[in-house]
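The following exercises are to be worked through in order, with the sequence and the model at hand. Each task is followed by its solution.

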Amino acid sequence: MINMTSIFTDLSVKLDKLSGVNLNISKFFDDCFQIVITILLMYATIKIGSKVIEKTLKKQHTMFSTDLKKAKTLSAVLQSLLKYVVYFFGIMTIFGTVNLTLASIGGVTIGLASQNLIKDVINGFFILFENQYVVGDHVTIEEKSGMVESIELRVTKVRAFNGDLYIIPNGTIKDVTNHSRGNISISALICIDYKEDIDNVFKIINLACDNFYNQAKDEVIMKPEVFGITEFKVIGMNISVIGKVKPSTQAHNEVDLRRFIMYELEKNNIKIASNKTDTITEGKNE
């Protein structure tokens, strides 16, 4: 005889298990949905917040004539701060959604990883408060030279002149050389043949300096001029030209100065000394 009670009991147990599976699947999809929503909110918050920061600081710069470099620096720092805050709360929310145990593990992991982060952030604040450098400055940091592209809470980004991007943790920065503070000297060294009239050469080079100054007067602090003969070499005499320009303009101004000098020298048939020697070949009488 079939035991109906046993059959119904087995059926009830199977239905309970199936219900549990359905509940787990439902919870899984709910968690996935919450995680996706959290990530989208993080992305939207960072994008909108960054735009608000940029527009606000740009407006402040226009209204109060604040330093553009400092405005860009503050913008990068605030955007960096916004990202770290959003990342922290977003990741903790995701951990909490998945599992409280994972949240605890994540908290410990973040706590351990935050030691270096705190060191980077503290040093970053000192860099800002001491005004060691700002966005757009030409610097050498830990033997890496270039233009400061961004200063963030954790890292400083320096773009080398060959295009390389150096990402330097603020906590590791000890030695900083800022090449953009104060007026910068520019120079040109020209080796002239001994056969040339030195007074005439000085006159022509100074004329080239005048032409250069007329083009770049907005960036020139002290007009370049002939300093004098600084060295006698085997092939000719070195003539030095020096001047001063505004910070961060020395590279292209030195190039332009040399171009003006070469143009005037060639125009007046002044010979630049070279290592080339004339070879005289004696013919044989047949």
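**Exercise 1.** Which residues make a nonpolar surface patch of about 520 Å²?

*Solution.* This is a predicted model, in which local features need pLDDT of at least 70, side-chain atom pairs count only at pLDDT 80 or more, and totals for chains, interfaces and linings use all residues. Residues are numbered from 1 along each chain as its sequence is written, and side-chain values use heavy atoms, with hydrogens and water left out.

Step 1. A patch is made of residues with over 30% relative accessible area and no salt bridge; like charges are joined within 9 Å, and nonpolar side chains (Val, Leu, Ile, Met, Phe, Trp, Tyr) within 5 Å. A salt bridge is a side-chain nitrogen of Lys or Arg within 4 Å of a carboxyl oxygen of Asp or Glu. Accessible areas come from the Shrake-Rupley method with a 1.4 Å probe, and for residues only the protein chains shown count as cover.

Step 2. The patch is made by L74, L78, L81, V85, F88 and F89.

Step 3. One of these, L78, lies in helix 2 (residues 68-98). Helices (H or I, at least four residues) and strands (E, at least two) are DSSP runs, numbered from the N terminus.

Step 4. L78 counts as partly exposed because its relative accessibility is 31%; buried means under 20% relative accessible area, exposed over 50%, and partly exposed in between (1.4 Å probe, protein chains only).

**Exercise 2.** State how many helices and strands the protein has, and their order.

*Solution.* The protein contains 5 helices and 8 strands. Read from the N terminus, the order is α-α-α-β-β-β-β-β-β-α-β-β-α. Of its 286 residues, 31% are buried.

**Exercise 3.** Describe how strand 3 pairs with strand 2 and with strand 4.

*Solution.* Step 1. Two strands pair if DSSP finds at least two bridges between them.

Step 2. Strand 2 (residues 144-151) and strand 3 (residues 155-159) run antiparallel and are joined by 4 bridges. M147 stands opposite R159 of strand 3, and a hairpin through 3 residues connects strand 2 to strand 3.

Step 3. Strand 3 also pairs with strand 4 (residues 165-169), in the antiparallel sense, over 5 bridges. Here K157 has I167 in strand 4 as its bridge partner.

Step 4. The hairpin of strand 3 and strand 4 has 5 residues between them, and G163 in the turn has a positive phi of about 105°.

**Exercise 4.** What is the span of helix 5 (residues 250-267), and which elements do its buried residues pack against?

*Solution.* Step 1. The expected span is 1.5 Å times one less than the number of residues. For the 18 residues of helix 5 this gives 26 Å, and the end C-alpha atoms are 26 Å apart, which agrees.

Step 2. The buried residues of helix 5 include Q250, L257, F260 and I261.

Step 3. The buried residues of helix 5 pack against strand 1 (138-141), strand 6 (184-192), helix 4 (198-216), strand 7 (220-232) and strand 8 (237-245).

Step 4. Q250 counts as buried because its relative accessibility is 14%. Leaving aside neighbours within four places in sequence, Q250 is in contact (heavy atoms within 4.5 Å) with H138, H179, I184, S185, I186 and V245.

Step 5. Just after helix 5, N269 takes a positive phi of about 60°.

**Exercise 5.** Where is D193 found?

*Solution.* D193 is in the loop between strand 6 and helix 4. Beyond neighbours within four places in sequence, D193 is in contact with M237, K271, I272 and A273.
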